[in-house]
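Take a look at the model below, then read on.

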Amino acid sequence: MTRQRKILITFAVLYAVMMVYLLFFRKPAFTDEPYWGQVRSHLNPIPFHTIGLYLRLLLRPSQPWLIRLARVNLWGNIFLFLPLGLLPPLLWQKARRFWKTLLLAAGVMIPVELLQMLLLVGTCDVDDLILNLLGAALGYGLFRLMHWEKKSPAM
């Protein structure tokens, strides 16, 4: 195993540990409501509902903490998932196709969203999935740029 590959694997493991911590080790949002009622309140199946809400907050700012919340949610859901689009094609030859990388990313993110809802440590939000996949797609784009640079003729 090359030194570069060991570094990539180490980075991938650290990234996975950090993401598990960020996604699952929050204080659960328990209320007096029955469990399944709470689960329903942690679900958004409507595409672009949350994204639209956050964009409206950014376009018509009212309270500073809401602006920060919108920025953190929008940009965080994109940029935290860049490595999920970059690392697989760097580590595995079979993941060098865009659709395979995105399918892998979706295969990781859908169970994460469902678990967050069931554990009441986040919401199962289709908009998070959209933004996460956008982040993974951008990460894959970075891989393609790096890969293209390696193949381009030297000047």
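At 39% relative accessibility, Phe98 counts as partly exposed, while Tyr140, at 8%, is buried; buried means under 20% relative accessible area, exposed over 50%, and partly exposed in between (1.4 Å probe, protein chains only). This is a predicted model, where local features need pLDDT of at least 70, side-chain atom pairs count only at pLDDT 80 or more, and totals for chains, interfaces and linings use all residues. Residues are numbered from 1 along each chain as its sequence is written, and side-chain values use heavy atoms, leaving out hydrogens and water.

Now for the rings. The structure holds 5 aromatic pairs (rings of Phe, Tyr and Trp, the last by its six-membered ring, with centres within 6.5 Å; planes under 30 degrees apart are stacked, over 60 edge-to-face, the rest tilted). Two of them are, for instance:

| Pair | Centre to centre | Angle between planes | Kind |
|---|---|---|---|
| Tyr35 and Trp36 | 4.9 Å | 75° | edge-to-face |
| Phe98 and Tyr140 | 5.3 Å | 65° | edge-to-face |

In the Tyr35 and Trp36 pair, Tyr35 is partly exposed at 32%, and Trp36 is exposed at 55%. Phe98 sits in helix H6 (residues 98–119) and Tyr140 in helix H7, so their pair ties together parts 42 residues apart in sequence. Helices here are DSSP runs (H or I, at least four residues), numbered from the N terminus. Phe98 and Tyr140 also form one aromatic cluster with Phe143.

Helix H7 (residues 126–151) holds Arg144 too, and Arg144 is partly exposed at 41% relative accessible area.

Technical notes:
Helix = DSSP H or I, 4+ residues; strand = E, 2+ residues; numbered from the N terminus.
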